[in-house]
Each structure stands twice: as C-alpha cells, then as structure tokens.
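Dear colleague,

Please find below the structure that I am handing over to you. My notes on what was found in it follow directly after.

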Amino acid sequence: MTIENLSVNKSFGGWHKQYSHRSSTLNCNMRFAIYLPPQASNGEKVPVLYWLSGLTCSDENFMQKAGAQRIAAELGIAIVAPDTSPRGDNVANDTGYDLGQGAGFYVNATQAPWNSHFHMYDYVVNELPKLIESTFPVTDKRAISGHSMGGHGALTIAMLNPERYRSMSAFSPICNPVNCPWGQKAFTAYLGKNKANWQRHDASELMRVAEHFVPAKVDQGGADDFLTEQLKPESLTLAAQVSGYPLDLQMHEGYDHSYYFIASFIEEHLRFHANYLKK
C-alpha cells in the first residue's frame, strides 16, 4: 500500500507525521497522523495507542490540542489518530454536523448511500493497524482511546475485539447511543431502523453482557453541556455493575466537553495504557 507523507514535525525528541493513503475499505483517500516517540528512532519497536476523535474533528484536533506528545515520548508509546470519516466529493454527506463527513461513528454502514464508503469500524480495526504495523517501527501491542463520538468508538471497538487491545479509555464518551439523539440519528441512517442492529455498537449494552474484559478508564466533565441528553455516563456505570466490568469512571466538577478537559487528564490516560502496553 502506497502512503504519502504530508507533513513532519519534531516534538519532544520524536516525530509527528501526517500521511495520506488510498483506503480500500472506505473507497476513498484517507488521512491519519502518527506520533513516533524517540525510542522508535533508536531501533526499538514501540506499542501503539489509537486515538479516535469526535464529531466534526479530523486527525489534527488531538495531535495539536491534547498535549500528549511529551508523555508519549517519556513512555515510549506511538499515537495514531485517524480521520473521523471518509471524505471527498463523491462521498455521501449531510447538512448536519452529526451525520456524514466528520461523523462516521465507527460503524460499518449497511444502508444506502452510506454503505459505499462508511465502514469506519473495519478501517480502525483491520486496515489501519495493518498499514501502521507494516510501515512503522511498532509492535502489535495496541490500546485504544477517544473523545465523545470517538470515546463511543474506542469502547465499543475494544469490547468487540478484546483480543486485539490491551486497554481502553475514553473522555466524555457517548455511552448509550441507542438512547440519545446523536446515536439514534446516526444509527438510523447508517444501520437502518431495526434497533436490534444498534445494540452491537452501544457501549452500555456491550458492557452489560461482557464476559471478556478489557481494562477501562473513563473521565467525564461535570459541566459538559452534552452530559444529560447525549452522553449518559450513568448507563455505563450501571452496565459495569451488572457484569462486574473493571471500569474506572471518574466525574470531574467544572470541566466541559472541550480539549481543555482532555489536556488536563491525558497524562493519566497515557500512564494507564502504559501499564498494560509495557507488560
């Protein structure tokens, strides 16, 4: 697979690089960013944290705003941030910010016109890691994290593939999308009206019946404008109690939905993942 390097920036002794490649899974050109810590330049293969961003975001938001590179360099962890959806003139879109380009929801769409390109689940789980592991000095030890829509993606993808991920975490995730407006709109469009097909991509539904556990850390701001209507962290807490899932969910008074919140606690998340990636 041919990839094109779009930019290179040195950061904390490592390298932030942005690439474009043709995705056979999504049937379009895709962009991703990777931070390679200094250890990767010294002949060492390093584990990878995959970061999934939220609605309207791209690969750039986390890499530019979260301030993760310093700790990733210290810990020797690569970070890979894909885009949040397929993009392009021939890719279906919607006038709303919460559907279409920039809003892939990390599922495989089964409904037209979305099913021609919107297979973000397969892209994140299969195609992108295969590309990363065959191109860069990384191991197959993986963790996954994300924010909001990306938090939903990180939790559901890890629970559906517990053999592929050492740990999972999320900031302000959409915890119960089958019961919130964002999730209901996206799942109806991408997966159809049969709500039984939605549950496979709902973190609370998956956690409630889980038998194989991936260590989980979730942080949520108490002043988040989306907390009650869209995010519903209490549903995830209740689900974990049913299955005995090892979930560490912390509420933080005064914090909102922004990257100021993510930047405040990203170090704790990276150290959490390092505990499992370095074993």
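At the start of helix α9 in this predicted model, a side-chain oxygen of Ser-258 comes to within 3.2 Å of the backbone nitrogen of Tyr-260. The helix itself covers residues 259–277 and has a kink of about 50°, centred on Phe-265. Phe-265 is also one of the buried residues of α9. Others in that group include Tyr-259, Phe-261, Ile-262, His-269 and Leu-277.

Is α4 enclosed or exposed? A residue counts as buried when its relative accessible area is under 20%. By that cut-off, 11 of the 12 residues of α4 are buried, so the helix is largely enclosed by the rest of the structure. Among them are Met-149, His-152, Leu-155, Ile-157 and Met-159.

The largest pocket has a volume of about 210 Å³. It is lined by 15 residues, of which Leu-55, Thr-56, Cys-57, His-147 and His-257 are the closest to its centre. The elements that contribute two or more residues to this lining are α1 (60–65) and α9.

Yours sincerely

Technical notes:
Residues are numbered from 1 along each chain as its sequence is written. This is a predicted model: local features need pLDDT of at least 70, side-chain atom pairs count only at pLDDT 80 or more; totals for chains, interfaces and linings use all residues. Side-chain values use heavy atoms; hydrogens and water are left out. The bend at a residue is the angle between axes fitted to the seven residues ending there and the seven starting there. Helices (H or I, at least four residues) and strands (E, at least two) are DSSP runs, numbered from the N terminus. Buried means under 20% relative accessible area, exposed over 50%, partly exposed in between (1.4 Å probe, protein chains only). A polar contact is a pair of N or O atoms within 3.5 Å; within protein, one must be able to donate a hydrogen and the other to accept it, and residues adjacent in sequence count only if both atoms are side-chain atoms. On a 1 Å grid over the protein atoms alone, a cavity is a set of points where a 1.4 Å probe fits but cannot get out, and a pocket is an open set with protein on both sides within 12 Å along at least five of seven lines; lining residues have an atom within 4 Å of a point. Grid points are joined across faces, edges and corners, and a volume is the space filled by probe spheres set on the points.
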